[in-house]
Every structure is written in structure tokens, then in C-alpha cells.
Amino acid sequence: MSFVVPDSCTLPTAEQPLRLAEFDALFATAVREVETVSPTHARMRLTGPAGLEATVRDLAARETACCSFFTFTATPQTEGDPDREVLVLDVQVPAAHTGVLASLAGRASAAAAGATP
């Protein structure tokens, strides 16, 4: 699945495939469900080992630093297994960037379904 990097992204071109690989790795290992709330809002449910929340927050912060149109909100959820972390990740964009969000959500959905993004 291709991903078109918007012109407003300030991440150096050479680093863009590495960042995309980070998202793909996160999606493949942690995303369990993806919901399109609206064209400007996607919601992902993630589960993983301890440290998942810190990993998600770090990646989200680095992505927002280069693509400031993204708003990531990670909300921890309570679940019975103390060795696992569960979060809901809301990703929002302005209307001008709905294509970027759709592409990102599509990659997450493909990974959650076990397909190659």
C-alpha cells in the first residue's frame, strides 16, 4: 500500500521511509481495530507489552514535529492483564489532509488484518 507524503511534511526525504517503517511495525504488532470516526478522525485500539504507551507517545510526538497537522491523542484503557497495555489512539487532521489520514488508517487496518501494508 503506497503512502504519499504531503508537501507540508518537514521530515527529510531520506528519513521518510524509516518513519513509515516505524508506523508499520507498530501497526503490525499492536493495532487490533481501526475505526474511521469521520474523514478527519481515525481511532485505533492497540494492545501490547508494557512500554507500548511510551512507544506510541514517542512516535506520535516525533511525527507531529514534522507533520504539525496531525493531532494524536493516546488514552490508556484498563484491562485485566497487568503485563499488557491497552490504548486508544485518536488521530485527527484538518480537512485538507484527509487523504493522508485515510492512507495511514488504511495501513493500520491492513496490518491489523494481517496483510502486508
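Cys66 counts as buried because its relative accessibility is 7%. Buried means under 20% relative accessible area, exposed over 50%, and partly exposed in between, with a 1.4 Å probe and protein chains only.

This is a predicted model: local features need pLDDT of at least 70, side-chain atom pairs count only at pLDDT 80 or more, and totals for chains, interfaces and linings use all residues. Residues are numbered from 1 along each chain as its sequence is written, and side-chain values use heavy atoms, with hydrogens and water left out.

| Residue | Relative accessibility | Class |
|---|---|---|
| Cys66 | 7% | buried |
| Cys67 | 2% | buried |

The whole structure holds zero disulfides (a disulfide is a pair of cysteine sulfur atoms within 2.5 Å). Cys66 is in none; the nearest cysteine sulfur belongs to Cys67, 4.0 Å away.

Four strands form an open sheet, ordered 1-2-4-3, with antiparallel pairing. Strand 1 (31-38) and strand 3 (71-77) are the edges, each pairing on one side only. From one strand to the next, the twist averages 20 degrees. Helices (H or I, at least four residues) and strands (E, at least two) are DSSP runs, numbered from the N terminus. Two strands pair if DSSP finds at least two bridges between them.

Strand 1 pairs with strand 2 (residues 41-49) in the antiparallel sense over six bridges. Val31 has Leu46 in strand 2 as its bridge partner.

Helix 3 (residues 98-112) packs on the sheet and touches strand 1, strand 2 and strand 4 (84-92). Contact means heavy atoms within 4.5 Å. The direction of helix 3 makes about 150 degrees with that of strand 1. Axes are lines fitted to C-alpha atoms, for helices over the stretch in contact; angles run from 0 to 180 degrees between N-to-C directions.
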